[in-house]
Amino acid sequence: MGFKRIGFIGLGAMGFPMAKNLLKNDYELHVIAHRNREPVDELTAQGATEHKSVADIFSQCDCIISILPTDKEMESVLLNQQVLDAINPDSVLIEMTSGSPEMMKKVHDAYQLKGIPVLDGPVSGGTIGAENGTLTVMVGGDPDVLERTRPVLEAMAKNIYLVGSVGAGKAIKAINQMLAGIHMVASAEAVALAEKLEIDMDKLKEVVGNSSGASWMLANKMDGLVKRDFTPGFKLNLMKKDIQIAVNEGVDKQLPLANYVLELFKQSEKESGEEDFSAIGKSSLST
């Protein structure tokens, strides 16, 4: 069965461009406004249908996609009893939040009682990947459900990996974010040192990009660091939340780098929490 009526919950920095790509691929998109009306207004101008409640979306759509800020929103939206009572019994939930494996399993259990298939599918690739439809999706769930929903995912993503059962997607995303946070701090220090040594930044990017020190963070965040441009793509406070998930999951492990970087993000959150997570480099760049 092909899916056409897509309900999209969470039109933030990642969700909004992902939803736009669904429209570009001729899906019937159903949305709801939260704090910011601008993405809803743009999507409805392009043909999306706006609803007054999440329950309305769940009742009318055959595929629901949610990408929310934290576990708190996952619980309050997806486990709301009105939503659970209203859900279309023939629908599928694709949950793409960077949340905890524990919350993902809690959502899965509740929907399983309703007979609703669930995929755990957080994404990576940043706002650029979301805009270009080149995201990576880390899917936890039943292989048959993945194959049924693959065309929907392919409208938003280039790389789709089945990584295990429900919860495994969130787990791998937590590991990815732990590495991303560490690499971001290291990249900021690299730029700070290069500036002190008066290195040509274009040459630094080219040479390191083809050497053993290469990293996605240096390649994609260096220009912003050099310009001190921290216009938010993925916000620092959300990266802090994601690293916290990884540290919580590894509480019985020795993770000195992850714990140190988490502390740096916590220290920066008050001043720079609403800026891009590359703002973690401010302290290095100011010395």
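Analyst: Helix H10 (residues 201–209) packs against helix H11 (residues 216–227) at an angle of about 165°, and their axes are 10 Å apart. The model is predicted: local features need pLDDT of at least 70, side-chain atom pairs count only at pLDDT 80 or more, and totals for chains, interfaces and linings use all residues. Residues are numbered from 1 along each chain as its sequence is written, and side-chain values use heavy atoms, without hydrogens and water.

User: How are H10 and H11 oriented to each other?

Analyst: Angles under 35 degrees count as roughly parallel, over 145 as roughly antiparallel, 65 to 115 as roughly perpendicular and the rest as oblique. H10 and H11 are therefore roughly antiparallel.

User: Which residues make the contact?

Analyst: Contact means heavy atoms within 4.5 Å. H10 contributes Met201, Leu204, Lys205 and Val208, while H11 contributes Leu218, Ala219, Met222, Asp223 and Val226. Of these contact residues, 7 are nonpolar, none is polar and 2 are charged.

User: Is helix H1 buried or exposed?

Analyst: Buried means under 20% relative accessible area, exposed over 50%, and partly exposed in between (1.4 Å probe, protein chains only). In H1 (residues 15–24), 8 of the 10 residues are buried, so this helix is largely enclosed by the rest of the structure. The buried residues are Gly15, Phe16, Pro17, Met18, Ala19, Asn21, Leu22 and Leu23.

Note on methods: Axes are lines fitted to C-alpha atoms, for helices over the stretch in contact, and angles run from 0 to 180 degrees between N-to-C directions. Helices (H or I, at least four residues) and strands (E, at least two) are DSSP runs, numbered from the N terminus. Ala, Val, Leu, Ile, Met, Phe, Trp, Tyr, Cys and Pro count as nonpolar, Asp, Glu, Lys and Arg as charged, and the others, Gly among them, as polar.
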